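Here's a quick briefing to read with the model open in your viewer. Take a look at the fold, then work through the notes by topic.

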Amino acid sequence: MVVSYVSIAYIRVVIPSFILMLTRLIPPPLSLRRIVKTFWTIEREANEAVPKVYWGAADCHAEWVFQLKGGLEAYQSMPHYLLTPHSIPRHLTVQKELQLFGVRFYPDAFQQLFSKPVDEHINTIYHGRDLFQKDV
């Protein structure tokens with residue numbers, strides 16, 4: 001069986017190549033390229049035969065994730081959240097439908113955006129309202 005790696009948000013998954021989810025990487029505009037590495041989307045329909053559980057690997061990039069339709073079960077109460085760099089791999093379970101949009105930042109962007117040292121926020125997930133004191 002041929003396997004392929006799919007990188008989305010902080011999810012790095014190994015899936016059989018015959019299982020397809022629609023993924024897109026979108027380069028940022030020039031004005032954001034100092035802090036944004038890429039924008040990305042991933043989606044699948046409820047009737048697609050794809051695995052339900054994925055393995056999230058450790059990653060040094062912070063990512064802002066928007067769950068547009070369905071998403072990850074662990075974060076279903078948060079329509080959008082910031083994933084800080086993380087050192088702990090974890091298993092992630094997806095809902096029947098999945099439509100995510102994400103912003104993958106460079107490793108030093110967290111400090112630039114939030115004026116907080118990133119090493120104090122490793123392995124943390126923030127809801128948008130927790131960072132900006134109101135709903136985004």
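Is K69 buried, partly exposed or exposed? K69 counts as partly exposed, since its relative accessibility is 31%; buried means under 20% relative accessible area, exposed over 50%, and partly exposed in between, with a 1.4 Å probe and protein chains only.

Keep in mind that this is a predicted model, in which local features need pLDDT of at least 70 and side-chain atom pairs count only at pLDDT 80 or more, while totals for chains, interfaces and linings use all residues. Residues are numbered from 1 along each chain as its sequence is written, and side-chain values use heavy atoms, with hydrogens and water left out.

**Overall layout**

- The protein chain has 2 helices and 9 strands; these are DSSP runs numbered from the N terminus, helices being H or I of at least four residues and strands E of at least two.
- Along the sequence the pattern reads β-β-β-β-β-β-β-β-α-β-α.
- Of the 136 residues in the protein chain, 43% are buried.
- Among contacts with a separation of 6 or more, 65% are between residues 24 or more positions apart, where contact means heavy atoms within 4.5 Å.
- The accessible surface is about 7700 Å², and carbon and sulfur atoms hold 58% of that; the areas come from the Shrake-Rupley method with a 1.4 Å probe, and for residues only the protein chains shown count as cover.

- β6 (residues 63–72) and β7 run antiparallel and are joined by 4 bridges; two strands pair if DSSP finds at least two bridges between them.
- Across that pairing, W64 stands opposite L82 and V65 stands opposite Y81.
- β7 also pairs with β9 (residues 125–127), antiparallel over 3 bridges, and here L82 faces Y126 as its opposite number.
- β6 pairs with β8 as well, in the antiparallel sense over 8 bridges, with Q67 partnered by L100 in β8.
- In β7 (residues 80–83), H80 and L82 point one way and Y81 and L83 the other, and all are buried.
- As background, side chains in a regular strand alternate between the two faces of the sheet.

**Nonpolar cores**

- The largest nonpolar core has 13 residues, and V36, W64, L82, V103, F105, F114 and L131 touch the most other members. A core here is a set of buried Ala, Val, Leu, Ile, Met, Phe, Trp, Tyr and Cys residues joined through side-chain atoms within 4.5 Å.
- β4, β8 and α1 (109–114) are the elements that give two or more residues to this core, and α1 gives the most, with 3 residues.
- Leaving aside neighbours within four places in sequence, V36 is in contact with P28, V103, R104, F105 and Y106.

**Charged and polar pairs**

- The whole structure holds 3 salt bridges, each being a side-chain nitrogen of Lys or Arg within 4 Å of a carboxyl oxygen of Asp or Glu.
- R24 and E43 form one of them at 3.6 Å, N to O; R24 sits in β3 (residues 22–26) and E43 in β4, 19 residues apart.
- E63 and R104 form another at 3.2 Å, N to O. Because E63 lies in β6 and R104 in β8, the pair ties together parts that are 41 residues apart in sequence.
- Both ends of that pair are buried: E63 has a relative accessible area of 0% and R104 one of 7%.
- The R104 side chain also makes a polar contact of 2.9 Å with that of H61; a polar contact is a pair of N or O atoms within 3.5 Å, where within protein one must be able to donate a hydrogen and the other to accept it, and residues adjacent in sequence count only if both atoms are side-chain atoms.
- K69 pairs with E97, the closest N and O atoms being 3.7 Å apart; K69 is in β6 and E97 in β8, 28 residues apart.
- E97 is partly exposed, with a relative accessible area of 30%.

**Other spots to check**

- N123 lies in the loop between α1 and β9 and has a positive phi of about 60° although it is not a glycine.
- I42, in β4 (residues 36–44), is buried at 1% relative accessibility.
- I42 and G102 are 60 residues apart in sequence and 8.7 Å apart in space, C-alpha to C-alpha.
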